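Here's a quick walk through one model, with a look at charge pairs, the core and a sheet. Have the structure open while you read.

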Amino acid sequence: MTKRHVRLPVEAEEGLQAFLEDVDRRLGDPEEDTCAVVTETLVDLFGDRDAYDRWQAGEEVSPAERVRLQGYDPCNATLESEYYAEKDEDRFQASKYLQWLWRQFDATPMADNVEFALRFRRMLANHLFEDCGENCRFFKGISMTYGHNIEVGDNVVIHDDVHLDDRGQLTIGDRVSISDGVHVYSHDHDIVDQTHVDNYHTIVEDDVRLTYDAVVQAGCRVGENAVVGSRAVVQDDIPAHHIAVGTPAKSVKVKPGWESVAEPVDADHERGKEGRCIDYDLPDDLEQFDEFQRDLQPPDRPDATADADDD
């Protein structure tokens, strides 16, 4: 093992523990207003308490100060995922506030204090994710779609600048290692009408390692103890104990010592993506908009040809 334990000085440890316990307690209290908890936590972490108290007391603040102070409140923020029509609105409202705290915390100076930051995100993940196991380590710059459709097992490590897309559902098993820059998706767009979205259950099984800049596309299953190579793009299921590399990712060998229990590399591997598609209904009163405003009729369709001839 190449890691060792690192501990904060006693006074710093006491302060950190008191802070974590206070925020954890308030987030778990049904009588507390989550927006207020998030707002006050960010105000203090950014060192803006004096200006915030002046503003709350009705004293004059500059327009820039007002915008900054309002921005700590997740009720005054919008996220990209807010526009996704098929989401569970009730669950999203709860996770939105917590996700705002997660994202804005990464902009504070304390986000670079690794011991502090790992424990803060681990505490927050217990409130944000569908389920989060023990002893997980979440590093800086991790983004997600909602958070509430993510399940994470025990002893998982997720490094910097990872994107966890849980527009569908995302399950990450025990002892998974996800390296910097990895993207794991659970939704896909139609090849013709890119406004049509299919959601999937994407699964990364126990003991998997996803290495630097790899991509796992929606609905794929990366099998137990598999390794996905740097910058590989997983488009189909990866069998357990296999090493997969390239674009698209292909199994090139079985991990040494696992040959007796792994499928052969040249076997016809099972593909289960379609069975992991998640159906959803859109509200009847939904006011949709198409941000692209494209004519999606292919030119070789009969009705499209007729229109062209009329012109």
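What is the relative accessible area of E205? E205 comes out at 23%, so it is partly exposed; here buried means under 20% relative accessible area, exposed over 50%, and partly exposed in between (1.4 Å probe, protein chains only).

Some ground rules first. This is a predicted model, where local features need pLDDT of at least 70 and side-chain atom pairs count only at pLDDT 80 or more, while totals for chains, interfaces and linings use all residues. Residues are numbered from 1 along each chain as its sequence is written, and side-chain values use heavy atoms, leaving out hydrogens and water.

**Salt bridges**

The model has 22 salt bridges, each being a side-chain nitrogen of Lys or Arg within 4 Å of a carboxyl oxygen of Asp or Glu. Three of them are tabulated here.

| Pair | Closest N to O |
|---|---|
| R119 and E115 | 3.1 Å |
| R221 and E205 | 2.5 Å |

E205 sits in the loop between β11 and β12 and R221 in strand β14 (residues 221-222), so their bridge ties together parts that are 16 residues apart in sequence. R221 is partly exposed at 29%. Salt bridges with shared partners also join E13, E115 and R119 into one network. R119 and E115 are four residues apart in helix α6, about one helical turn; R119 is buried at 14%, whereas E115 is partly exposed at 25%. Helices (H or I, at least four residues) and strands (E, at least two) are DSSP runs, numbered from the N terminus.

**The core**

The largest nonpolar core has 62 residues, and W102, F129, F138, I158, L164, I172 and L210 touch the most other members. Such a core is a set of buried Ala, Val, Leu, Ile, Met, Phe, Trp, Tyr and Cys residues joined through side-chain atoms within 4.5 Å. Helix α6 gives the most to this core, with seven residues.

Seven strands form an open sheet with mixed pairing, in the order β2-β5-β8-β12-β15-β17-β18. Two strands pair if DSSP finds at least two bridges between them. The edge strands, β2 (137-138) and β18 (250-254), each pair on one side only. Strands β5 (residues 157-158) and β8 (residues 177-178) run parallel and are joined by two bridges, with I158 standing opposite I178 in β8.
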